[in-house]
Amino acid sequence: DASGGSSGGSLRTLGPVAASFAGVTDMSGLPEPAMPAGWGYSYLDWMGAYGFAQAILGALYHRARTGEGQRIDASQTEAGIFLTGTSILDWSANERCWIRYGNRSPYQPAAPHGAYRCAGDDHWIALAVANDAEWNALRSAMGDPPWARDPRYATQLSRWQNRDDLDSHIAAWTRDQDHLQLAQRLQALGVAAG
């Protein structure tokens with residue numbers, strides 16, 4: 001029972017608590033050492049509802065074909081566990097433990113790669129630089145500042161290896177930019193931005 005009392009062995013909860021039971025809360029947020037963020041709302045209310053609706057449709061289909069009813073056992077936690085399937089499979093097959101990567105690319109060494117605050121109230125730009133040509137275009141858009149010529153940013157791999165420092169430079173630059181104008185300007189130069 002949500003109040004902490006006993007209700008005959010059953011446990012009632014809310015979506016964010018079910019998400020924690022399922023492990024998806026720990027999987028969301030910025031990389032360590034940041035704390036897990038959760039999703040900030042009851043995402044499993046939606047995911048559970050989709051799964052429950054599918055189960056109901058399956059039961060109705062079964063009844064129409066056989067005349068038999070169905071018992072549906074539905075759990076938000078199980079709906080959340082379904083969302084962790086890829087990371088569970090990665091651990092089972094590759095012994096690779098899930099780590100939070102926030103807005104960074106988990107699939108290629110892209111840097112900069114993230115969401116950066118812009119001028120205004122809660123305005124952001126998402127950037128993804130996947131190769132040297134895109135980096136050179138971004139440098140041009142920034143006016144080729146001296147820090148961008150640092151050898152640590154000379155190659156895609158070295159930018160990725162120094163992504164924390166690079167992110168701080170990019171964030172300092174975007175902070176005073178209009179997010180929409182900047183996105184258009186970067187897209188015109190071939191930089192993935194939005």
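**Notes on a predicted chain: loops, folds and salt bridges**

1. Let's start in a loop: Pro112 sits between helix H4 (85-94) and strand E1 (113-117).

2. Glu95 is not a glycine, yet its phi is positive, at about 55°. Its relative accessible area is 62%, so Glu95 counts as exposed.

3. Asp122 is another residue to check for its backbone. Its phi is positive, about 60°, and Asp122 is not a glycine either. You will find Asp122 in the loop between E1 and strand E2 (124-128). With 52% relative accessibility, Asp122 is classed as exposed. As background for both phi values, most residues other than glycine have a negative phi.

4. Now for the overall layout. The chain has 8 helices and 3 strands. Going along the sequence, these elements come in the pattern α-α-α-α-β-β-α-α-α-α-β.

5. How does the radius of gyration of the chain stand against that of a compact globule of 194 residues? The chain has 23 Å, whereas such a globule would have a value near 16 Å. Along the principal axes, the C-alpha atoms fill a box of roughly 70 × 40 × 40 Å. Of the 194 residues, 29% count as buried.

6. Contacts and surface come next. Take the contacts between residues at least 6 apart in sequence: 56% of them join residues at least 24 apart. The chain exposes about 12,400 Å², and carbon and sulfur atoms supply 55% of that area.

7. On charge, the chain carries 15 positive and 20 negative side chains. The centres of these two sets lie 3 Å apart. Side chains of opposite charge can pair when their charged atoms come close.

8. Asp132 and Arg159 form a salt bridge in which the closest N and O atoms are 2.7 Å apart. This pair links distant parts of the chain, with Asp132 in helix H5 (residues 132-141) and Arg159 in helix H6 (residues 156-161), 27 residues apart. Are the two partners buried or exposed? Asp132 is partly exposed, at 35% relative accessibility. Arg159 is at 0%, so Arg159 counts as buried.

9. Asp90 and Arg96 also meet through their side chains in a salt bridge, with an N to O distance of 2.8 Å. Asp90 has a relative accessible area of 22% and is therefore partly exposed. Arg96 is partly exposed too, with a relative accessible area of 47%.

10. Which residues are linked in a network of salt bridges? They are Arg139, Asp144 and Arg149.

11. Let me finish with Gly194, which lies in the segment after strand E3 (192-193). At 57% relative accessibility, Gly194 counts as exposed. Which residues does Gly194 contact, once its neighbours within four places in sequence are left aside? They are Trp124, Ile125, Ala126, Ala183 and Gln187. For a sense of distance, compare Phe21, which is 173 residues away along the chain: the C-alpha atoms of Gly194 and Phe21 are separated by 34 Å.

   - the positive phi of Glu95 and that of Asp122;
   - the salt bridge between Asp132 and Arg159, which joins H5 and H6;
   - the salt-bridge network of Arg139, Asp144 and Arg149.

Methods: Residues are numbered from 1 along each chain as its sequence is written. This is a predicted model: local features need pLDDT of at least 70, side-chain atom pairs count only at pLDDT 80 or more; totals for chains, interfaces and linings use all residues. Side-chain values use heavy atoms; hydrogens and water are left out. A salt bridge is a side-chain nitrogen of Lys or Arg within 4 Å of a carboxyl oxygen of Asp or Glu. Buried means under 20% relative accessible area, exposed over 50%, partly exposed in between (1.4 Å probe, protein chains only). Helices (H or I, at least four residues) and strands (E, at least two) are DSSP runs, numbered from the N terminus. The radius of gyration is taken over C-alpha atoms; the globule rule is 2.2 Å times the number of residues to the power 0.38. Contact means heavy atoms within 4.5 Å. Accessible areas come from the Shrake-Rupley method with a 1.4 Å probe; for residues, only the protein chains shown count as cover. Lys and Arg count as positive and Asp and Glu as negative; His and the chain ends are not counted. The place of a charge is taken as NZ of Lys, CZ of Arg, CG of Asp or CD of Glu.
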